[in-house]
Amino acid sequence: MADLEQIMVETPVMPHSEQAEKLVLGTLINDPNRLSDVRELLPVDAFYIDKHKDMYRAVLSLADKGERIDVITVMGECPKLGIKIAPAEIALMASNYTSASIDEHVAILNEKYKRRKFFEIGALLQSNAYSEVNDINDVLTEVKERLDGV
């Protein structure tokens with residue numbers, strides 16, 4: 001898999017939208033009732049920026065435990081999950097809020113996530129096209145499974 005890793009490293013920046021990530025996270029922290037609509041469409045990896053993934057993970061953790069979601073509880077949940085984010089960053093994230101629908105921003109994140117997955121699958125195909133180490137039928141099965149997961 002070294003070829004796959006090399007292809008991934010050589011790509012300067014994968015598709016993402018930092019602004020949409022911030023707006024969705026800020027809105028979820030301020031209006032956690034929207035999480036039920038967002039959660040099914042956005043796995044943690046739909047967020048490209050690591051600290052955004054971590055904040056979303058904290059929001060999901062709180063929701064799974066049935067606890068209140070707000071700036072203070074997200075700040076408290078992060079250390080419990082081993083997440084190192086400055087409280088000021090969480091407070092700043094919460095300032096990215098919209099009272100309007102976030103559906104469009106969720107759709108943007110979902111699309112960017114799928115594009116990254118397609119790139120990953122393409123890189124897998126490309127690396128295996130030059131190598132005969134893996135059985136081609138096994139590669140095809142893996143690619144089909146990954147495509148089904150997108």
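Here is a short walk through the structure, from its overall build to a few helices and residues.

The model is a predicted one, so keep its cut-offs in mind: local features need pLDDT of at least 70, side-chain atom pairs count only at pLDDT 80 or more, and totals for chains, interfaces and linings use all residues. Residues are numbered from 1 along each chain as its sequence is written, and side-chain values use heavy atoms, with hydrogens and water left out.

Let us start with the whole protein. It has eight helices and zero strands, where helices (H or I, at least four residues) and strands (E, at least two) are DSSP runs numbered from the N terminus. The C-alpha trace spans about 55 × 30 × 30 Å along its principal axes. Of the 150 residues, 37% are buried; buried means under 20% relative accessible area, exposed over 50%, and partly exposed in between (1.4 Å probe, protein chains only). Among contacts with a separation of 6 or more, 70% join residues 24 or more positions apart, a contact being heavy atoms within 4.5 Å.

Now for the surface. The protein exposes about 8,800 Å², and carbon and sulfur atoms supply 51% of that area, computed by the Shrake-Rupley method with a 1.4 Å probe. There are 17 positive and 26 negative side chains, and the centres of the two sets lie 6 Å apart. Here Lys and Arg count as positive and Asp and Glu as negative, while His and the chain ends are not counted; each charge is placed at NZ of Lys, CZ of Arg, CG of Asp or CD of Glu.

Next, look at helix H5 (71-80). Its buried residues are Val74, Glu77 and Cys78. Seen down the axis of H5, these residues fall within an arc of 110 degrees, so they line one face of the helix; the arc is that of the directions from the helix axis to the C-beta atoms. An α-helix has 3.6 residues a turn, so residues three or four places apart point the same way. On the other side of H5, Ile72, Pro79 and Lys80 are exposed. The cover over the buried residues of H5 includes H2, H4 and H6.

Glu77 counts as buried because its relative accessibility is 2%. Leaving out residues up to four places away in sequence, Glu77 touches Ala58, Ser61, Leu62 and Lys65.

Helix H6 (residues 87-94) comes next, with Ile90, Met93 and Ala94 as its buried residues. They lie on the same side of H6 because they cover an arc of only 100 degrees around the axis. The face turned away from that buried side carries the exposed residues Ala88 and Leu92. The buried residues of H6 pack against helix H2 (18-30), helix H4 (50-64) and helix H5.

Asp45 lies in the loop between helix H3 (35-39) and H4. With a relative accessibility of 42%, Asp45 counts as partly exposed. Beyond its neighbours within four places in sequence, Asp45 is in contact with Lys53, Tyr113 and Arg116. Asp45 and Lys117 are 72 residues apart in sequence and 9.8 Å apart in space, C-alpha to C-alpha.

The structure holds one aromatic pair. Phe47 and Tyr56 form this tilted pair, with 4.6 Å centre to centre and 40 degrees between the planes. Rings of Phe, Tyr and Trp (its six-membered ring) pair if their centres lie within 6.5 Å; planes under 30 degrees apart count as stacked, over 60 as edge-to-face and the rest as tilted. Both Phe47 and Tyr56 are buried.
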